[in-house]
Amino acid sequence: MAKNESYSIKLNLYNGKNPFELNKFYSISFDTNKINLSTKQTDKLVEQFYKEMNIKRKDELMDDLFLTLIHKQFPNFPANTLFVQDIEKIDLDLKLSYDYNKIALGDNLMGFLNLDFYKFEDFFKFFCTFIFMYFIKISKKQLNKIFKGFDENIIYIDSKRPTHIVEKSLLKECAKQLYESEKYYLIEKQKLFRNFVDYIFNNNKEKRLSKLTNSQRFYIFQNISEEIQNFANNYICDYTLGFWFNDPTFKSNILNKIKETLSDPLSNENFLIENMLKNDPDGKKIIGHKYSFETNNLFTYFYIILYHITLNNVEYIKKCQVCGKYFFSDKNNTLYCNGKYSKDITCKEYGKKTSQKRKENEEPVYGKYRQIYAKKAMMVKRNPDIEYYKTNYEKWKKEARQFINDIKFGKKTYDEFNKWLDENI
Ligand SMILES: [Zn+2]
């Protein structure tokens, strides 16, 4: 049994705009076969595509192409336990696996950042997903139960391997025994990574960091944090040389060509030249190298992921100013996540509403300005036939706006504005 063997994380960046990771370690996840297409069914569908389109060549790219189409039609329920609110409410079995797993780059890291280790339920999600970390700490008796029959199944290759279900109660029992002793270690590591992420993406809007790039901030944090430095070197790296072109338009062109001609366009030189020139005229979408990493340390894995997210510079890990959750955004200055703040309002809507209020609380002169503004507007409304109120209001409004603009650009201060407000009532 390879329980104490190093687990490996493969990280492939086929496309900078659509990065994903391929990882492999012992993990407990939901058995989604009941609700998602099974591997068998998926394989069948892929097979069908090859047949219908009369394609003889079978390779990774073709498989991937067909799988994208299939998943678009039948979206999957996530198997990863990190992404559900409450494991108890999900009526699915838990399974043990040791297979390559393709996920969007950083999904596991994001799940980790958002856990609340003060709650056992959240520790349990972590324990399941990263169970390999705990094999040396689980009693032999319990471990044998978890692995019972797993070895026999290891002879099957990927898709034909039977699902290895593990009793939820057994897993919970193991996690409960470990919770108190593991909790604070995880809280501390999570804090370190939250600080690292906040630093790189300047989530706390620190002025002294605002003119630096994400990579520069990564570099600085790495240098000043000894703990990060220790994680940063704890891996073996290997890479495969080769070029990858996984552009979505290219993919759909291949498909159309197949439908049209019933032949394999990937061995058609003219088709390839035409597509390269059209979909990638400056050659930026073709990606070289396929890195693979091996490490025994989960936090080194998170470090590698975070490094690649920063390097890619297409997605940023932001912290929602309303609910405090970490989320991916394609803009570095996003403030609010897309989640629900309450039943009928999202964080985004709530955030926009309260930012006005916050401004008033932080700057009393601004609040005073809003008050006078409202009063003047009311006077105009109540006295539509008195021209004076209207002209005075319009003039005042214009000048006040100019004042606020000047404050924004540092030309004037709130003190001066305060004086002006008193003089111009
Ligand atoms: Zn939020």
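The legends below describe close-up views of a predicted model. Residues are numbered from 1 along each chain as its sequence is written. Because the model is predicted, local features need pLDDT of at least 70 and side-chain atom pairs count only at pLDDT 80 or more, whereas totals for chains, interfaces and linings use all residues.

**View A. Helix 14 packed against helix 15.**
Helix 14 (residues 364-382) and helix 15 (residues 387-408) lie with their axes 9 Å apart and pack at an angle of about 155°; helices here are DSSP runs of H or I with at least four residues, strands are runs of E with at least two, and both are numbered from the N terminus. The axes are lines fitted to C-alpha atoms, for helices over the stretch in contact, and angles between N-to-C directions run from 0 to 180 degrees. The two helices are therefore roughly antiparallel to each other, given that angles over 145 degrees count as roughly antiparallel, under 35 as roughly parallel, 65 to 115 as roughly perpendicular and the rest as oblique. Tyr369, Lys376, Ala377, Met379 and Val380 of helix 14 make the contact with Tyr389, Lys390, Tyr393, Trp396 and Ala400 of helix 15, two residues being in contact if their C-beta atoms, placed from the backbone, lie within 7 Å. By class, this contact of helix 14 with helix 15 has eight nonpolar, no polar and two charged residues, where Ala, Val, Leu, Ile, Met, Phe, Trp, Tyr, Cys and Pro count as nonpolar, Asp, Glu, Lys and Arg as charged, and the others, Gly among them, as polar.

**View B. Helix 7 with helix 4 and helix 8.**
Helix 4 (residues 120-129) and helix 7 (residues 168-200) pack at an angle of about 100° with their axes 9 Å apart, and are therefore roughly perpendicular to each other. On helix 4 the contact is made by Phe120, Phe123, Phe124, Phe126, Phe127 and Cys128, and on helix 7 by Leu171, Lys172, Ala175, Tyr179, Lys183 and Leu186. This contact of helix 4 with helix 7 has 10 nonpolar, no polar and two charged residues. The axes of helix 7 and helix 8 (residues 214-224) come within 8 Å and cross at roughly 140°, with Phe196, Tyr199 and Ile200 in helix 7 meeting Asn214, Arg217, Phe218 and Phe221 in helix 8.

Four bridges join strand 3 to strand 4 (residues 94-97), and isoleucine 28 stands opposite leucine 96 in strand 4.

**View D. The hairpin of strand 9 and strand 10.**
Strand 9 (residues 316-319) and strand 10 (residues 326-329) pair in the antiparallel sense over four bridges, with isoleucine 317 opposite phenylalanine 328 in strand 10. Six residues lie between the strands of this hairpin, in which glycine 324 takes a positive phi near 80°.

Note on methods
Pairing = 2+ DSSP bridges.
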